[in-house]
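Colleague: I'm new to this one and would like to learn how to read it. Could you walk me through it, feature by feature?

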Amino acid sequence: MKQYSIAIAIFSLAVSFLIGSWLIATSLKEQPKESVQHQLLSQQEAADYLGISVVEVLKLTEVPDGSNSYISEIPHVKVGEKVYYPKQAIDRWLLDMELIVVP
């Protein structure tokens with residue numbers, strides 16, 4: 001009887017070890033990958049981030065200054081024909097806009 005109880009204890013320990021290993025392995029496989037935070041936003045992403053429409057973002061990007069050229073209200077970067085908006089620069093721009101108090 002004593003031999004059977006030792007064998008059962010060893011068997012149950014082995015089964016517990018296998019189940020624990022399997023649970024750890026499956027939980028490691030199912031961990032979501034960390035999402036990469038993009039630093040440059042597209043026009044649509046900038047509009048979503050600011051809570052305005054794409055047309056409004058475009059209006060802030062190119063504001064006519066009266067001398068056949070444009071100035072920009074919102075910070076942006078042009079790469080070829082595409083326009084990107086640096087997220088950190090937008091955050092700073094928003095903070096600067098909050099500091100300007102209109103009476």
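Colleague: Let's take helix H2 (residues 43–50): which of its residues are buried?

Modeller: Buried means under 20% relative accessible area, exposed means over 50%, and partly exposed is in between (1.4 Å probe, protein chains only). In H2, the buried residues are Ala46, Ala47 and Leu50. Seen down the axis of H2, those buried residues fall within an arc of 100°, so they line one face of the helix. The arc is taken over the directions from the helix axis to the C-beta atoms. The general idea is that an α-helix has 3.6 residues a turn, so residues three or four places apart point the same way. Just after H2, Gly51 takes a positive phi of about 75°.

Colleague: Before we go on, what kind of model is this, and how are residues numbered?

Modeller: It's a predicted model, where local features need pLDDT of at least 70 and side-chain atom pairs count only at pLDDT 80 or more, while totals for chains, interfaces and linings use all residues. Residues are numbered from 1 along each chain as its sequence is written, and side-chain values use heavy atoms, with hydrogens and water left out.

Colleague: How many helices and strands does the protein chain have?

Modeller: Helices (H or I, at least four residues) and strands (E, at least two) are DSSP runs, numbered from the N terminus. Here there are four helices and five strands, in the order α-β-α-α-β-β-β-β-α from the N terminus on. Of the 103 residues in the protein chain, 13% are buried.

Colleague: Which strands form the sheet, and in what order?

Modeller: Two strands pair if DSSP finds at least two bridges between them. Three strands make an open sheet here, ordered S1-S5-S4, with antiparallel pairing. Strands S1 (40–41) and S4 (77–79) stand at the edges with a single partner strand each, so one side of each has no neighbour in the sheet. S1 is joined to S5 (residues 82–86) by two bridges, and Leu41 stands opposite Tyr85. Three bridges join S4 to S5, with Val79 partnered by Lys82.

Colleague: How many residues lie between S4 and S5 in their hairpin?

Modeller: Two, and Gly80 in that turn has a positive phi of about 65°.

Colleague: Where is the salt bridge?

Modeller: The rule is a side-chain nitrogen of Lys or Arg within 4 Å of a carboxyl oxygen of Asp or Glu. A search of the whole structure finds one, between the side chains of Glu62 and Lys78 (3.6 Å, N to O). The pair links distant parts of the chain, 16 residues apart: Glu62 is in the loop between H3 and strand S2 (63–64), and Lys78 is in strand S4. Glu62 is partly exposed, at 38% relative accessibility.

Colleague: And Thr61, buried or exposed?

Modeller: Thr61, in helix H3 (residues 54–61), counts as buried at 4% relative accessibility. A polar atom of the Thr61 side chain lies 2.7 Å from the backbone oxygen of Val57.

Colleague: Last one: which residues make the nonpolar surface patch?

Modeller: Phe11, Val15, Ile19, Trp22 and Leu23 make a patch of about 530 Å². Patch residues have over 30% relative accessible area and no salt bridge; like charges are joined within 9 Å, and nonpolar side chains (Val, Leu, Ile, Met, Phe, Trp, Tyr) within 5 Å. Leu23, in helix H1 (residues 2–29), is partly exposed, with a relative accessible area of 45%.

Technical notes:
Areas by Shrake-Rupley, 256 points an atom, 1.4 Å probe, with all protein chains shown as cover. Polar contact = N/O pair within 3.5 Å; in protein donor to acceptor, adjacent residues only side chain to side chain.
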